[in-house]
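Colleague: I would like to go through a model with you and learn how to read its features. Please give the general idea each time, then the case at hand.

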Amino acid sequence: MILKFISMNGYGLFVWLSFGITLLTCSLFYLKTKKTLKKYEKEFFNELKTLSEDEKREVLKKSKIAGTIYATGNKAN
Amino acid sequence: MFKFLYSSNIYLLIENIIKFINSIFFIILLIGLTFALVLSPPDYIQGESVRIMYVHVPSAWIGLACFASITLFSILNFIFKIKFFFSINKSLSPIGLLFTCLAIITGSLWGQPTWGTWWAWDARLTSMVVLMFIYIAYILSFKLIKEEQTAIKISSLIAIIGSINLPIIKYSVIWWNTLHQPASISIGRENSIHTSMMLPLMLMLLVLLLYCALIFLMKYKTEIIRIKRKNIKRL
C-alpha cells in the first residue's frame, strides 16, 4: 500500500518532484529571508550600541522599533 | 499621509502577525498536503498526475497576483510620489519571481506525463517565461541602480510596461490554439472542477498565501529596519 502511494500509478516521480521542489525552494527562501532580517537587526543593534548614552536614550525614547530591537539584541547577548 | 506604514505600531503589529502565522502554518500545511496527496481522488483521464495541480495552479495565481499588485503600487507611486509603495514592491517582487518560477517548473513536470513533453513554445508557457524575465529585470533595476529616485522611476516603468503581459497570460489560452488547457476556475462562471478537487486546491492556495504573507512581512520588516538605520540620528 505504501509502495502504491509512493509510485502513484507511475506518476510518483513527477508528483513528488513537484511537491519536493516547491517545499525545498520555499524552505530555502524562508531561511534566507530570516537570515537577512536577523543580519539587519544585528547591524541596527550594533549601531545603537555605538551611540553615546544621551543619543541612545533619545533614540530609544523616540522610536519603539529601536527599543524593540535593542531589547531583543540585549536578550540575545 | 502614509507615514503610518513605517511607524512603530505597524512594526509591532507585523511582529505579532508573523508569530501568529508561524503558530498555525504547519497545521494548515499538514492538512493541505494530506488532502492534496492522500484524500483527493485521481483524475479520470490524467490519473494521479493531477495532484501536481495543487502546487502548480496556486503558484501561477500568486505569481500573477504579485505582479498585478506591483503594477498597481507602481502607478500609485507615480501619481502620489510616495516611497512606501516602492518598499512594498521591493518586498513583493522576490515572492512573485519565486512562484512564477515554481509555476513554470511544476508545469513542466506536469506537461511530461500529460502532453508527452517537458516544454512547448506555447502561448501560455511563453508568456509565463516572459513574466519571469520581467520580474528579473524589475529586481535587477533596484539592485543595480544605486540612486534611489532613479531606481524607483525605472522599476516602476518596467512594472507598468510589463503589466501588458498580464492579460496576454490570462487570455492566451483563448486567443491562441494552445497545448495548455483553458481555465477550469473563474469568477462569475460555473467551475468545471469537482468539489473533491476544489477543496485541496483552495487549502493549498491558503497554505501558499500564508507563506507569502510570512515572507512579505519579514521582508517589509527588513525594509523598515534598513530605513530606520539610515536615519538613526534623526529618529
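Predicted model: local features only at pLDDT ≥ 70, side-chain atom pairs only at ≥ 80, totals over all residues.

Colleague: What are the ipTM and pTM of the model?

Modeller: The ipTM is 0.89 and the pTM is 0.90. For confidence by residue, pLDDT is the predictor's own score from 0 to 100. Chain B has an average pLDDT of 90, and 93% of its residues score at least 70.

Colleague: How many helices and strands does chain A have?

Modeller: Chain A has four helices and zero strands. Read from the N terminus, its order of elements is α-α-α-α. The radius of gyration of this chain is 23 Å, well over the 11 Å that the globule rule gives for 77 residues, so chain A is more spread out than a compact globule.

Colleague: What box do the C-alpha atoms of chain A fill?

Modeller: Along the principal axes, the box is roughly 70 × 20 × 20 Å. Of the 77 residues in chain A, 19% are buried; the cut-off for that class is 20 or more other C-beta atoms within 10 Å.

Colleague: How many residues does each chain bring to the contact?

Modeller: Chain A brings 30 residues and chain B brings 31. On the side of chain A that touches chain B, helix 2, helix 3 (53-62) and helix 4 (64-76) each supply at least two residues. Helix 2 of chain A has the largest share of that side, with 20 residues. Sorted by class, the side of chain A that touches chain B holds 16 nonpolar, eight polar and six charged residues.

Colleague: Where is K81(B) found?

Modeller: K81(B) lies in the loop between helix 2 (53-80) and helix 3 (84-115) of chain B. Its phi is also positive, near 55°, in a residue other than glycine.

Colleague: Why does K81(B) count as exposed?

Modeller: K81(B) counts as exposed because it has 10 C-beta neighbours inside 10 Å, and the cut-off for exposed is 12 or fewer. M8(A) has 18 other C-beta atoms within 10 Å, so M8(A) is partly exposed.

Key
Residues numbered from 1 in each chain as written. Chains lettered and ligands numbered in written order. Rg over C-alpha atoms; globule rule 2.2 N^0.38 Å. Contact = placed C-beta atoms within 7 Å. Nonpolar A, V, L, I, M, F, W, Y, C, P; charged D, E, K, R; others polar.
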